[in-house]
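Work through the exercises below with the sequence and coordinates at hand. Each task is followed by its solution.

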Amino acid sequence: MARKVLVFAEVRENELRNVSFEALAAAKDIAAGGEVIGVVAGESVSGLAETLFHYGADRVITVENEKLKAYTNDGYSQAYLQVIDSVQPDAILMGHTAQGKDISPKLASKLSSGLISDATGIEIDGEDVIFTRPIYSGKAFEKKKVKEGLIFATIRPNNISVLEKDESRSGEVVNEDVEIKDLRTIVKEVVRKSTSGVDLSEAKVIVAGGRGVKSSEGFEPLNELAEVLGAAVGASRGACDADYCDYSLQIGQTGKVVTPDLYIACGISGAIQHLAGMSNSKVIVAINKDPEANIFNVADYGIVGDLFEVVPMLTEEFKKVLQTN
Amino acid sequence: MNIYVIMKRTFDTEEKIVIENGQISDEGVEFIINPYDEYAIEEAIRLRDDNGGEVTVVSIGDEEVEKELRTALAMGADKAVLINNEDIEDSDQFTTASLLAAYFEDKEYDLILGGNVSNDNSTGQVGPRLAEQLDIPYVTTITKFELDGEKVTIERDVEGDVEVIETSLPLLVTAQQGLNDPRYPSLPGIMKAKKKPLEEIDYDDLDIDEDEIEAKTETVEIFLPPKKEAGKILEGELDEQVQELVKLLRQEAKVI
């Protein structure tokens, strides 16, 4: 069954986010020979249209409006609903990012549709599209589908492979004029705090610290390792509760759930609530003084030792081998 | 000020998950107030203390939820409401939001607070869906809330960055970790809570048909992730272990 699939792409600091390309790849499967339509909205976004073709869009709709300069669910939902109304899609996908999480329930409510949040996998089973999603922060999984009508899902970053970039692909770009009424919420300011610039939920590599880092200064060797690897820095609840770092870094059942290619746990004991947030990472490295620490039960590779000795050595070793390549 | 909190009862975060007959078993499981909802309750109590008014905590579930509602009352909420959904067989986030919307239809509310996600299903849908059904604005993942008359200034966490939002009442907000430190119920609080009103409403009492709120999605299967096998603990001198690890990550695991 060929479907018309709408993908709402997301822009962060004037660039399309990787999860939007992952959504295009998922859309291609769901479209089953139908059409994949990429949508990008903002104050000035037409320059981003071509890239959506390269990653699988058959058609691109741009929505430009000064009221879309900063993201608000109020403004963006008005724009998105007008696009949905003119396209009449069979399915809608977007990233399960801060924006996706914020806006998708509003759209689903307006459209009176179901919504499958935070999908990590997609299967096509005859006429059905079945999504896999974690529950209990990844302690279990469920397979879920929309009963009838519009298929609407948000997909978790880092779980669906992007299509190979094909710069020869191109297509029709349509600019959709939208009317946006007064906004009820206004963004006054955005204070950038994420130091490395790599967002935890999309990071391919994460270096995380637990109580074993002992102080906020104790994160320094972790930051240095992260810098060499282009990684994001995260933390366990223990480290956050002890005030070694900001709560926005917390990984676990309360906090963020992450699935990077590589997770390096430094001085983290491995409480169930932390494991729930990271144990589905592809490869896990544990560095801990205590050979009995629970984290070693989920680690692919472990080093028993003091993180303040091991982490700087690891940073130097990576510097060496990454430079020679 | 009429302040409402929507609260969910969830598994304790330390619980392991057991599947029996295709369903998640709750046998012997410890339940708690969803941790993000605790922030919402705490914030509601503080706002009432500063501005006057009343805090009502609303939850959906069976009679068991009374325990968590009493805990919320012991923290300092004034009233609790349990919407009993035991007779509804087919329910999802659309159902929950619709039940709540039906409850709020004839209520006067200035502010509704909730957690930004529950730690079981973690969809984060119910708050925004409810706001949309009530046609009021909403702000998710908030870490600071300031009220000046009708004017509201909010800080919200956006993937580690802080967004400063201006809006006004009536409003729905969902709490992120860092909003506050929820209090523990005090002994006098627990004693007082026993006498505070806890109303139980059957969904039949709401102006709603079961057909209208039937789930839009369905769960086909629930399963546990494959158990991870214990990995390789490296041995030898520390510098050799480090070299070995880098080699393994590059050549065996191929992640760097």
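Ala, Val, Leu, Ile, Met, Phe, Trp, Tyr, Cys and Pro count as nonpolar, Asp, Glu, Lys and Arg as charged, and the others, Gly among them, as polar. The model is predicted.

**Exercise 1.** Sort the lining of the second largest cavity by residue class.

Solution. Step one is to list the lining: F8(A), A9(A), E10(A), Y80(A), M94(A), G95(A), Q99(A), G100(A) and I103(A). Step two is to apply the classes, which gives five nonpolar, three polar and one charged residues.

**Exercise 2.** Describe the largest cavity by volume, lining classes and contributing elements.

Solution. The structure has three cavities of 30 Å³ or more, and the largest has a volume of about 70 Å³. Residues from both chains line the largest cavity, among them Y71(A), D102(A), R156(B) and E163(B). Its lining divides into five nonpolar, four polar and three charged residues. Two or more lining residues come from each of β9 (138-148) and β11 of chain B; β9(B) gives the most, with three.

**Exercise 3.** Is D161(B) buried or exposed, and which side chain does the side chain of D161(B) contact?

Solution. D161(B) lies in strand β11 (residues 161-168) of chain B. Its relative accessible area is 2%, so D161(B) is buried, the cut-off being under 20%. The side chain of D161(B) makes a polar contact of 2.6 Å with that of R192(A).

Note on methods
Residues are numbered from 1 along each chain as its sequence is written. Chains are lettered from A and ligands numbered from 1 in the order in which they are written. This is a predicted model: local features need pLDDT of at least 70, side-chain atom pairs count only at pLDDT 80 or more; totals for chains, interfaces and linings use all residues. Side-chain values use heavy atoms; hydrogens and water are left out. Helices (H or I, at least four residues) and strands (E, at least two) are DSSP runs, numbered from the N terminus. Buried means under 20% relative accessible area, exposed over 50%, partly exposed in between (1.4 Å probe, protein chains only). A polar contact is a pair of N or O atoms within 3.5 Å; within protein, one must be able to donate a hydrogen and the other to accept it, and residues adjacent in sequence count only if both atoms are side-chain atoms. On a 1 Å grid over the protein atoms alone, a cavity is a set of points where a 1.4 Å probe fits but cannot get out, and a pocket is an open set with protein on both sides within 12 Å along at least five of seven lines; lining residues have an atom within 4 Å of a point. Grid points are joined across faces, edges and corners, and a volume is the space filled by probe spheres set on the points.
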